[in-house]
Amino acid sequence: MPFISQTQRQSDYNLIPASCPIVIDNGASYFRIGWAGESEPRIIFRNIVQRPRHKITGETVTIVGDHDPALLKYFDCTRSGPRSAFDNDVVFQFEIMEYILDFAFDRLGADESPINHPILITECACNPVQSRSKMAELLFETYGVPSIAFGVDAAFSYKYNQKLGICDRDGLAICSGFSTSHVIPFINGEPVYEACCRTNVGGYHVTDYLKQLLSLKYPHHMARLTWEKVEDLKMEHCYITLDYASEVRLFQKGGKEAEEKTRCWQLPWTPTPVEEPPSEEEIARKAALREKHGQRLREMAEAKRCSKINELENELKGLEFLIQQLRHVNGNDIPSFLAETGYISKQEIESAIVKVTQSLRKAKGEQDEIEEKQDPSATEKYTLIDIPDNMLTPEQIKEKKRQLFLKTTSEGRQRAKQKRFEEELERERRNKEDEQRRLENPELYMEQLRIKYNDLSEKVEQRKRQKTNGNNHGNENNNVSGGVGRGERLNAAQKERMRLLTTAAFDRGKGEDTFGIKDEDWQLYKKMSKDNDDEDDGPNEDEAELTRVASRLREIDPTFFPKSEASSSGSEPPRFRPLTQEDFQILIGVERFRCPEILFHPNLIGIEQAGLDEMAGVSMQRLKSRAQRLDLEEEVTGITNSVLITGGSCLYPGMSERLEAGIRMMRPCGTPIRILKASDAILDTWRGAASFASTMHFSRQVFNKMDYYEKGEDWLRQYQLKYTF
């Protein structure tokens, strides 16, 4: 970036005589201040102010110009962004302007409040008198300056380059700045403001347009696209093409030439580390470590089991001793004895003994013996099942129903357990057979397993497609649009159910509704409630087998990845590729010339104003009308022979050629056109002002506080600096 801030405080302020003027280039982008007669400004900083709050103390601080990102992390900047005193190159926020002048005079070394030096400050062409009046009032009242002079920035740049012999006395100054662009004609070395032209498009709009395009193109890198970085990219890579339409077509077609004109900005990127397979020693070490941890866990579990067994044995002994004591207690003393022990009855103690005994045997691994011993006791519980109801009382009949329910439930649990046991045995047998086949021929076994997985996967997917979308074979002729009807999605059982409902609705619904009078009518509900949808609603054997085969393939083949989890979801799991170096690259192609093109076509960003070449034509047309009125035709004809381009937004490559082509289209054939570049488009304004302020004629151009208050704003409106003597 060619604009570098200089904010080091000067120490020679008191050594400068009071007659030496202070020169200020008050630009919308950068503020420059120094002494008259010098070749470089002393202080340069961005013309912005920011007032954030400290995150801890809550104190509001004022930051003028560029800020240090390392220090800014201690402040909350969310509510206070950078603010400028300018609006389209005109100062209107004088509170901010006061902060900027305070900082500038302090950096220049001024310790005392009154500034005892004349001030030469720049402004834009045709600056409103209100802005000029407020600026004069601020300098006179706040800083106590003795005298002030206002000059146009583009005029100082043109006069400085005229002094260097670059441009002539008659010519055009095309100044494209930060927020505006001006075209000012010069006749006999003096600017003609009646014929000047202005457009509210400048470097700010180019940077903002480039930032918007790159943010839309790379939304995942928006945090990297800061204003300062985009400004650097603009100044480093952007250019102005001679023919915008042909350049756009070149990038649309692509090719080698478009690729050569594309620039790449590589963001910081760290490659993903590649995991190397562990060595045999590492595998053995990890296996030994896992075995050591497993042995430790087994020892801890064994110690915990022994401790629990001891506790249960002690509790069982205590309960048995309590039963023995209860046998020697008289009947009348039993309630008081039980109240001391915490139990209510003897049955509660016996129930506790049974529970503790079961827990103890379970802890010792004697679960099978418990169940075998429970079987004979269970048969003793159901004593009323085989007795006829006519031999039982109503209470016994109720108890018989309860025993029958308990027996049925218990037998159902036993059958389910036996079924699970048989399935486990069958599973172990199949696993042993699979393992035996794998050991005999591993390659053939894996190939057969993959074929089986593919067949099952295709079958499950086809079943799901038929369930959701139906079979399109019967739909080719009837449904032209390719849609699937409700009837084609139903299986045979559902179709039969629909037929029965249709029959009941049409056959039974005619005339008087007699459905239900006959017993065979109710058979319809039995047919409809049959569980014929096992293939759709019940567990699917193919899906279970597919899950088993997939898990088996995962065990023996590390490279296997299932197509889709058919048993849980029908969508394929997302696959994420690792980020590469190309993912952290920002390519700038068509944006290189598309963004600066708004200087010639502001309508690209919605500003319906003239471009630089058209502004030059408008300015020359106004100058021609003025010359005809004043009979100065001879001086106007050669004005295009000295067209000076200055300002920060005129540094793009191709600017001179594009302006020459645009002006040539508006001038008569054979008109001499010479586009000249300023010696330093950024600092020529301040250097021209410093050179002007060092002459003896400068003291005649200033006005003091008394002149300002006596003559008023009308005089200030007509005030113009004379650049030629």
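## Model and overall content

This is a predicted model, in which local features need pLDDT of at least 70 and side-chain atom pairs count only at pLDDT 80 or more, while totals for chains, interfaces and linings use all residues. Residues are numbered from 1 along each chain as its sequence is written, and side-chain values use heavy atoms, with hydrogens and water left out.

The protein chain has 26 helices and 20 strands, taken as DSSP runs (helices H or I, at least four residues; strands E, at least two) and numbered from the N terminus. Of the 725 residues, 38% are buried, where buried means under 20% relative accessible area (1.4 Å probe, protein chains only). Among contacts (heavy atoms within 4.5 Å) between residues at least 6 apart in sequence, 68% join residues at least 24 apart.

## Helix α2

Helix α2 covers residues 94–108. Its 15 residues should span 21 Å at 1.5 Å a residue, and the end C-alpha atoms are 20 Å apart, which agrees; the expected span is 1.5 Å times one less than the number of residues.

The buried residues of α2 are F94, I96, M97, I100, L101, A104, F105 and L108. Seen down the axis of α2, they fall within an arc of 165°, so they line one face of the helix; the arc is that of the directions from the helix axis to the C-beta atoms.

β10, α3 and β11 form a right-handed β-α-β unit: with the strands pointing away from the viewer, the path from the first strand over the helix to the second runs clockwise. Strand β10 (residues 119–123) pairs with β11 in the parallel sense over five bridges, pairing requiring at least two DSSP bridges. I148 in β11 is the bridge partner of I119.

Helix α3 (residues 129–143) reaches 21 Å from its first C-alpha to its last. Its buried residues include V129, M135, L138, L139 and F140. Just after α3, G144 takes a positive phi of about 65°.

## Strand β11

In strand β11 (residues 147–152), six of six residues are buried. In a regular strand the side chains alternate between the two faces of the sheet. S147, A149 and G151 point one way from β11, and I148, F150 and V152 the other way.

β11 also pairs with strand β20 (residues 703–704), in the antiparallel sense over two bridges. There, N704 of β20 is the bridge partner of S147.

Note on methods. Buried means under 20% relative accessible area, exposed over 50%, partly exposed in between (1.4 Å probe, protein chains only).
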